[in-house]
Each structure stands twice: as structure tokens, then as C-alpha cells.
Amino acid sequence: MKKQITTIVSIILIIIIALFALINFESVDVNFGFASIRVPLVLLILISVLVGALIIFLLSSILNVRKNRAYRELESQSQQKQDELTDQIKALQASLKALETRLKNSYGKQELGTKDQQITNSEDEITKLSDKLSQK
């Protein structure tokens, strides 16, 4: 949409400049300081417009080059950050796996400890019951 508006405005400006140039068809003196020449006003207007357009084109090209350079630099920095974050994620995933393994091992040890405790408690109860039976 923005490009279409720019194109339409450009066409309108070109038509206005062409009409202005056609209205001013007489010759004028142009003094360069060291020389003076007589040029049709139409030609002078068109040359001035072309020089102005060339200056604007060069300035906008310089700005675009700077923006592209900054964009590439930011893109490079972004890629480096993504690589760093990917490495951190991989390290955290490896750490998580190690912690999960340790947790599984500790659960196994806790279960064995709990079973040993249950066996010990059962043996104590058996001993108590045996003592009660032998007392009767």
C-alpha cells in the first residue's frame, strides 16, 4: 500500500513538473561565476529536477546500505545468542537427565531402606509374638 501511494504521488509530481516546464519555455541566462550561458528554461528545470532526484537517490542508497549493514550485524548477534541458548538448553537437559538418574537411584535406595525397615519391624513382631507364645 505504501509503495502504491509513493508511486501515485511521484506520477503527480512528474506531471506538475512537466506542465511547469512547458509553461516556461523561454531562454534564460545561467551564470556559473566563470562563465555564462543561455539555456531554455525548460531544459534548466528538467536538469535541476534530475540533479535533485540523483542527490535524493544517492542519499537514500547510503541510508539503505547503513541499515542493511546494521541488520546483518543484529542478525549475526541474534544467531550467536540463539547458539548460546541452544548450548545452555543442551547442558540443562544433560543436567536434568543426571538428576533424574540420581533421583531414581535414591528412590531405589529409599525403597530398599523402607523394605529393610519393614522386615526388621516384622522380625521384631515375630520375636515378640514368639515370646508371648512361649510365656503362655
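Read along the sequence, the protein follows the pattern α-β-β-α, and it has 2 helices and 2 strands, where helices (H or I, at least four residues) and strands (E, at least two) are DSSP runs numbered from the N terminus. The radius of gyration is 45 Å, well over the 14 Å that the globule rule gives for 136 residues, so the protein is more spread out than a compact globule; this radius is taken over C-alpha atoms, and the rule is 2.2 Å times the number of residues to the power 0.38.

This is a predicted model, in which local features need pLDDT of at least 70 and side-chain atom pairs count only at pLDDT 80 or more, while totals for chains, interfaces and linings use all residues. Residues are numbered from 1 along each chain as its sequence is written, and side-chain values use heavy atoms, with hydrogens and water left out.

| Strand | Residues |
|---|---|
| β1 | 27–31 |
| β2 | 36–40 |

Strands β1 and β2 run antiparallel and are joined by 5 bridges, and two strands count as paired if DSSP finds at least two bridges between them. Asp-29 stands opposite Arg-38 in β2, and in the hairpin, which has 4 residues between the strands, Gly-33 takes a positive phi near 95°.

Ile-8 belongs to helix α1, residues 2–23, and is exposed with a relative accessible area of 52%. Of the 136 residues, 5% count as buried; buried means under 20% relative accessible area, exposed over 50%, and partly exposed in between, with a 1.4 Å probe and protein chains only.
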